[in-house]
Amino acid sequence: MIHIYATGSVDVDAIALGIVKVFPTLNLFEQRLSLELYRLLSGGQPVARAVLAERLQVSVEIVDRILDGWPGVFSDSERRIVGYWGLSIAAPYTSSHQLMIDGRRLSAWCAWDTLFLPSLLGKPAEVESRSPGLAGAVKLTVTPTGVKRLEPKDAHVSFVLPNATDVQKDIVNTFCHFVHFFPSRQAGDAWAAQHPGTFILSVDEAHAIALLKNRAQYGGAMGGG
C-alpha cells in the first residue's frame, strides 16, 4: 500500500523498493549483463546474444541461461534481442513513448521508462510521449541526473504498483499500459479515476523513484551511484 501524505506527495522510497522487489535480484555479473544489453540495444539494432557474450567475455550458453530466465526479454526469429525491460528498437514495437538517444529513435514501453533509462545509459534523451485518448502529448529532455525540460510544465505521470506474478507473465499489459504522461494533473486524475489501482505522480516524483530504483537494482555495477 502506498502512503500518500497530507500534501499529496507519495513515499518515493517505498514505491522504488516495491518495484525492485518484483524483478529478479541481480548479482554483480547480472547487473553488468543487464547494463551492457541496454547499451547495445540503444544502438537501435537487434542484439545478437553472441555479441553480448563476447562483450562480457563469457559463453553464449551463460547469456542464454540468464536471459531465458528473466521476464520481459523479447527476441526476433533469430533470437536476437529487440526489446528488454522498458527499451525496444523502434521497428518491431510501436509505442506512444519515443526517445531520441544519440540521434537514434527508440521506443520505451511506458512513460516511466523514459525517466530511468538515461541514467542507466549515461546519455540524455529527448522524449515525446502521447497521452491516452485526446489528452495530448508531453515533451521532455531527460539527462542521466535530471529532467531539464518539460512541456507542458504541469505534466504528471500515472503509475501502478507492479505485481511479481503479473510481471513474470506479461509486464507490458499488467504494468506498462497503466503508466503514462499527462499534460496536466487534472487530466491524469480523470484517467486514474477510471483505472482502479493507479495513482498520479509529479514528474519529479517519478524521476526520483527512477533513480532510487536504478541504485537499488544496479548499485554494484554503477559504482554505487
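Predicted model: local features only at pLDDT ≥ 70, side-chain atom pairs only at ≥ 80, totals over all residues.
Which residue in E5 is the bridge partner of methionine 100? In E5, that partner is arginine 105.

Residues are numbered from 1 along each chain as its sequence is written, and side-chain values use heavy atoms, with hydrogens and water left out. The pLDDT is the predictor's confidence in each residue, from 0 to 100. The chain averages 92 on this scale, and 94% of the residues score at least 70. Over residues 1–7 the pLDDT is below 50, and this stretch has 11 contacts in the model beyond near neighbours in sequence. A contact here means heavy atoms within 4.5 Å.

Next comes the sheet. Helices (H or I, at least four residues) and strands (E, at least two) are DSSP runs, numbered from the N terminus. Two strands pair if DSSP finds at least two bridges between them. Eight strands form an open sheet with antiparallel pairing, in the order E1-E2-E3-E5-E4-E6-E7-E8. Strand E1 (73–75) and strand E8 (147–151) stand at the edges; each has a single partner strand, so one side of each is left without a neighbour in the sheet. On average, neighbouring strands of this sheet are turned by 25° against each other, direction ignored. Angles such as this use axes, which are lines fitted to C-alpha atoms, for helices over the stretch in contact, and run from 0 to 180 degrees between N-to-C directions.

Phenylalanine 74 stands opposite glycine 83 in E2. Arginine 79 is found in the loop between E1 and E2. Most residues other than glycine have a negative phi, and most peptide bonds are trans. Arginine 79 has a positive phi of about 70° although it is not a glycine. With a relative accessible area of 39%, arginine 79 is partly exposed; buried means under 20% relative accessible area, exposed over 50%, and partly exposed in between (1.4 Å probe, protein chains only).

The loop between E2 and E3 holds tryptophan 85, which also has a positive phi, of about 40°. Tryptophan 85 is buried, with a relative accessible area of 6%. Serine 88 is found in strand E3 and counts as buried at 4% relative accessibility. Leaving aside neighbours within four places in sequence, the contacts of serine 88 include Val82, Gly83, Leu106 and Trp109.

Strand E4 (residues 97–101) has four of its five residues buried, so it is largely enclosed by the rest of the structure. E4 and E5 pair in the antiparallel sense over five bridges. The two strands form a hairpin with two residues between them, and aspartate 102 in the turn has a positive phi of about 55°. Four bridges join E4 to strand E6 (residues 125–130), and these two run antiparallel. Histidine 97 stands opposite serine 129 in E6.

Helix H2 (residues 28–41) lies across E2, strand E3 (87–89) and strand E5 (104–108), running at about 115° to E2. A nonpolar core is a set of buried Ala, Val, Leu, Ile, Met, Phe, Trp, Tyr and Cys residues joined through side-chain atoms within 4.5 Å. Of the 66 residues in the largest nonpolar core, Tyr38, Tyr84 and Trp112 touch the most other members. The largest share of this core, six residues, comes from H2. Among the contacts of tyrosine 38, beyond its neighbours within four places in sequence, are Tyr84, Trp85, Leu87 and Tyr218.

Two details remain. A disulfide is counted for a pair of cysteine sulfur atoms within 2.5 Å, and the structure holds zero disulfides. The sulfur of cysteine 110 is 4.8 Å from the closest cysteine sulfur, in cysteine 176, which is too far for a bond. Cysteine 110 counts as buried at 0% relative accessibility, and cysteine 176 is buried, with a relative accessible area of 3%. Finally, a cis peptide bond joins glutamate 151 and proline 152, with omega about -5°. Proline 152 is found in the loop between E8 and strand E9 (156–159).
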